[in-house]
Amino acid sequence: MPARYFLSFSISLISCSVSLAAAPPAAINFDRQIRPILSDNCFTCHGPDEKHRMAGLHFDTKEGAFSKEGVIVGGDSAHSRMYLRVSNPNEAMRMPPAYSGHKLTPAQIDLIKAWIDQGAKWETHWAFLPPVPPELPEVTAKNWARNPIDRFVLAKLEKENLQPQPEAAKAVLLRRVTFDLTGLPPTPSELKAFLNDQSPNAYQKVVDRLLASPHYGERMAMQWLDFARYADTHGYHIDSAREMWPWRDWLIGAFNQNMPYDEFTIEQIAGDLLPDATQSQKIASGFNRNHMINFEGGAIPEEYQNEYIIDRIEATSTTWLGITLGCARCHDHKYDPLRQKDFYSFGAFFNSIDEKGLDGYKGNAVPFLQLPTDAQAHMKQQLLEAIKDKDKEIDAAEAQWEQQQRNVPVLDVSSGLVADYAFDDSLANRLQPDTVAKVVSGKFSFTQGRVHRAADFAEEANVNFGNTGEFDSAKPFSIAFWLKPEGPSGMAILQHYEQSPKSGPGYEVALDYCKENCNIIVRIRANGTDTGIETRSVQGVELDDWSHITVAYDGSGKANGIQIFINGHDVKTSTVLDRMTTPVSLKGDLQIGNKDWGTPLKGKLEDLRFYNRRLYASEANQLAVVNPIASVLQIPTGKRSEDQTKWLRAYFLKDVANPAEKQVGIDRATLNRGKEQFDREIDSTMVMKELPKPRDTFVLLRGDYRNHGDKVEPNTPGILPPLPKDAPRNRLTLAKWLVDPANPLVARVVVNHFWQMYFGIGLVKTSEDFGSQGDPPANQDLLDWLATEFVRTKWDVRGLQRLIVTSAVYRQASTVSPELLERDPENRLLARGPRFRLPAEMVRDNALAVSGLMNDKIGGASVRPYQPKGLWEEMAFGGDFSAQTYEQSHGSDLYRRSMYTFWKRTVPYPSLNTFDAPDREKCTARRGTTNTPLQALVLMNDPTFVEAARALAEREIKEAGSDEPGRIRYGFMLATAREPSANELGILQGLYQKELSHYTKDPAAAQKLLSVGESKGTVKCDPAELAAYTLVSSTILNMDETITKN
Amino acid sequence: MNPVRERELSLTRRQLFGNASKGIGVAALASLLNRKLFADESAVGGLADLPHFAPKAKRVIYLHQSGAPSQIELFDYKPKLAGIAGTELPDSVRQGQRITGMTSGQNSLPIAPSIFKFNRAGASGTWISELLPHTAKIVDDIAIIKTVNTDAINHDPAITFIQTGFMQPGRPSMGSWVTYGLGSENQNLPAFVVLLSQANALNRDQPLFTRLWSSGFLPSKYQGVRFRASGDPVLFLANPGGIDAETRRSMLDAVAELNQVTEKSYGDPEIATRISQYEMAYRMQSSVPELTDLSKEPDSTFELYGPDSRKAGTYAANCLMARRLAERGVRFIQLYHRGWDQHNDLPRDLALQCGGTDQASAALVTDLKQRGLLDDTLVVWGGEFGRTVYCQGHLTKDNYGRDHHPRCFAMWFAGGGFKPGITIGETDDFSYNVTADPVPIHDVQATVLHCLGIDHTRLTYKFQGRHFRLTDVAGVVNQKVLA
């Protein structure tokens, strides 16, 4: 409908549309001013998504916009249908239509008019053009600028008639840069040293010291953990524990070694594919194993396998490309020139990992890398050698036995045998070589069996054996075969029905519903599903292993007339149905794998026999054990399958060996269990590892894993530069392509991330979206200069930090006048220094550091500090899974830096979560910074902060002499890196005096306050005094300034 | 409110409390004051253009029954199943629909009729299970939809879908959207409160996740705040041992004064906000205990909600708490009750679940109605999907289980603009397929928002370049259920 309106527009309405613009507008920048209007209001119907495009018109590309004559007429808005439609006074004719929910403002309409009248110049979206190093702009206040960053910022300020702020006070600056580069507050001695250092390069020296600190790597890693969606649990459903901290350690180390960003990228995307990849490079590839992993009972593996790939696409494209590829999951992107095909082609790079759709029941999901310590490796070696020694002893004993057995003849059980399928590469019945079973459908083949050859029902093969096995329910019969079930539980093994399982009559042997050990069901149906007999074995067969099954029926028409033997042993059965009203004749065809008759067999079958009599236990044993063992023994040692060798060994140890030999076997098993248990204690980390043969990748229609569209090859989005023609299409090529200087996005995106870390907001505010719906850069010249400079300096990450924190822009005071606040509330122009609340981790780390409680150990497994009781338990699944109950750490682990706090995705650590730390379910490019009453409650009452206040008070008493104002001043200074003013000191002293008298009167209350937390007090003094200082210290820890980077 | 004025007011209030506290409970007075004196300032936050039209409901109480209660035993009466017990689910009914990995391997899918009886109830003559005698009594006050359907067949994606409009994590929950759009009606309590209760069934599955009440990409202040039955009702609400209310007040006064000094030197408006957030925290320290203290409720209340309502943390106690929260103008009250996942031993466990919830759910509706709150409070009851007509595991005469069924399930709604005493939607004889009036999850969400005066297509948030909404790209307001 809207399409027709657009095309049938009548020119007579022109006179109605008069621009309201008063002055001639300045030169319009299409990319900044016009594209965002079009993108936000028009692209849904006139954008890149062809399927939902109206009137064949689209404004996402130049070709599209100018393809129809008269839509945009450069220099003549009065004859441009685009303008006429958006400015149309008739609501029915106006674009965008009311039902779209979009509406242009008069100012936007004027902009469109002005743009057309100025010639309708089209520009490609800035972010898709590679950055070119801009010229340094001329500025008036040349002396202010310390480095090129300042020139770009100052040029803008001068244009806006704004003055930068003077440099922040030394103490403020030291605290700011120390948090920014290490995540920690400066110590009193660092503060003193800096305040006393009058040399012109005093600040540079501080920056160098901080950049060399091992805590620098931690601080840099902190932001990266959000991109990487790092967590210590799997995230979906049961949300049990995983172990990815070795990857986190790698990350901290990479920053501390100042690994160039291109290498850093390549190792995380494809470290495993590097030639002769080191252990460290393999660990690095865990970046894309940090996604959530599922194993909910009953979930469908393909569905989640697909989600993992989608998560990798989203995390990789958000982190490195700053584009929202995720929007193209279900359809072509609505705003950016990204096709759905681009999304899945990108996903194809990540679709060949040797992983499972459902995994993680017991910790890490495959593939993972074991990381034994030297001692562990040594221990494991010893275990392996001891096992080898035992093997040698058993080998010798077994060889001796074999020697004696070699010529024992095989006596077949042939009496009453009516059909015998050996599956020796033929479907013929050995007794009647002319009767050959037929493959009806599916892929059927022959393969190595337990003893000889076997039938392989791998891919829904349906085989019809004709009238083999026609019996009578009133007469005895038996069926025997080897089975290796490889499919879902609940499969039918063989079925013999006249019509169908529902109408009967007939019989079948099937596997019951199970997890690992599946019971055998034998069913003889009369007519319909409710007459007949059915029995079920009480113990079952293992999936993915060979078992011999004999079903012997005595013809009684009773359920207990059916006997089931597994591996020659008579197993107990339970009756399910016992209603054989009249005997039936069991006619029809024997079938295996008929999909219409139930879940078809997936697995292998060998030596299928039918007898017209009931087999006895000794005969079942002969078929299952005696004869097969004898047959295998006739195979020369070197020609036996691995399975046969193992089987013989087990048989020998169980049924042949003398007590001494048996003991060796038991010892060997004990050693092996020890090794397995030991393996579980060895740390591991999930990594990327390719399948030998890549999986096929398809476009998924509407993003649904069940709807395959076209097959796609690994490729990068068409809007970006192509991959080198002859490079292999794998992750390593993708990684190298990302950091190729020709890539217009990657360097800009990363410098923007760092900028965001320092200034709270990136030069591009939407750091996750550089596309046409993202915010335009506040200072594109600066962004482009930083990006090109970063590449020019060979991706020197530490150098980039130095450049930013030594700029005059960064060093400004953060005070703001009401006028400036109104003009630039978000500080996009940078006429002042950054001021915002510390990130969640630093709020807590600051309290731990200034109180002296902090354990600043770097790296290692995550820890579990104080947390209110029951938080996990009341939401958890429970059972034997890990991370269902919170076992709090003790001792120094209570005071580790917050980045090491155990990150449970479904119940995030409450005090970090309250300060906007994400749950890490998805890649997060920027956190919010909220200001809530719950934050006040955490700082007031969380035992972490109450204990820190007490420890801070003790520190004041121990380290700041004996006078009260001196102690309070010291506590204030520790928390804020500055001396309190007389006014501030007065407020705190007043509080101290009041509370001292209160606690003196109520010593029990003082005792209670001092007993919060597990750390022991370190000073001996009047409890009332310490309690009063604790309260003053808590007040200091609650101050806005304390939790803020000023 | 202007934070400076806020603080002045709080000082004034304190003077009042200082004088009054000798006679009347400070908390009670605070509660009265905030409701009456500051009524004109009651709406805090919210979007300027909201509500989009006159709302019927001001708030929502969502009683989520986690694990998925069986519609076949409770609301979707299928008398014909009795005659075909144990027979196979016809292929013509299943139509090749996917089933979970828990029963896909099952050799047979035998029909299991409800072991529980149904009776007609109310003036509407609605068929309802004998397991729900109390719900039967309010049946003329509720609208039952028998044809809600979902796309997910496992708990994690299904519960994430019904709570956030999308099966994968990352989107804001319904409560977050509503409070983001409409703000708070209360100055002393969070606008979005979450209450959990544990299973009555012996099999306690399934787990819950904070993502169900998370704010996703909305600012984190819109996430639900858990009220807990043990420990602090709100995390870190209580002062530590050794800090009494007076000491806390002195300390907060010092914090406020110090923050005012900082505000003067930096001019950052965040500081003023922080000052007011500390005041709100202080008010919560009295308003929350007052809220959770049930000692003033008369015996008749506990009789209405049942004996469990005296035990903190039970579903019944949470229903009562929900009413108290609604009275205080909390915008979105989200309950979760665990234990509805009856894969096996359904007759035993479903009866236990109903025994633990039926009376309280009905009492809540009755109580709200008596207090005149049902007109502007919408009560929602339901799970994340339904259960299969066929048996999971062994079917015997008196025991069976049911697997997950996404294609139809029942929810009910009371008050807040829903038409009372109606049943919407028809399913086939197997409670397997919808035969009339399907109501997809997004329609449920669109309809709930509609009752709150929100056009679900216009409550959006731009994230990653896209205008996201609760109903993703779908959702139609269901007019049939609206009064």
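## Contact between the chains

In this predicted model, the contact draws 88 residues from chain A and 73 residues from chain B. On the side of chain B that touches chain A, at least two residues each are supplied by α6 (155-164), α8 (245-266) and α9 (269-292) of chain B, and the largest share of that side, twelve residues, comes from α8(B).

Sorted by class, the side of chain B that touches chain A consists of 34 polar, 26 nonpolar and 13 charged residues.

## Nonpolar cores

The largest nonpolar core comprises 200 residues, and those with the most contacts inside it are Val60(B), Ala322(B), Ile333(B), Val379(B), Val380(B) and Phe413(B). The largest share of this core, ten residues, is contributed by α9(B), a helix that also supplies at least two residues of the side of chain B that touches chain A.

Once neighbours within four places in sequence are left aside, Val60(B) is in contact with Val178(B), Phe332(B), Ile333(B), Leu378(B), Val380(B) and Val448(B). A second, separate core has 125 residues, among them Phe227(A), Phe295(A), Ile310(A) and Leu325(A).

## Fold and dimensions of chain B

Chain B contains 13 helices and 17 strands. Its radius of gyration is 24 Å, close to the 23 Å that the globule rule gives for 483 residues, so chain B is as compact as a globular protein of that length. Along its principal axes, the C-alpha trace of chain B spans about 80 × 55 × 40 Å.

Of the 483 residues of chain B, 58% count as buried. Among contacts in chain B between residues at least 6 apart in sequence, 77% link residues at least 24 apart.

Notes: Residues are numbered from 1 along each chain as its sequence is written. Chains are lettered from A and ligands numbered from 1 in the order in which they are written. This is a predicted model: local features need pLDDT of at least 70, side-chain atom pairs count only at pLDDT 80 or more; totals for chains, interfaces and linings use all residues. Two residues are in contact if their C-beta atoms, placed from the backbone, lie within 7 Å. Helices (H or I, at least four residues) and strands (E, at least two) are DSSP runs, numbered from the N terminus. Ala, Val, Leu, Ile, Met, Phe, Trp, Tyr, Cys and Pro count as nonpolar, Asp, Glu, Lys and Arg as charged, and the others, Gly among them, as polar. A nonpolar core is a set of buried Ala, Val, Leu, Ile, Met, Phe, Trp, Tyr and Cys residues joined through C-beta atoms within 7 Å. A residue is buried if 20 or more other C-beta atoms lie within 10 Å of its own, exposed if 12 or fewer, and partly exposed in between; C-beta atoms are placed from the backbone. The radius of gyration is taken over C-alpha atoms; the globule rule is 2.2 Å times the number of residues to the power 0.38.
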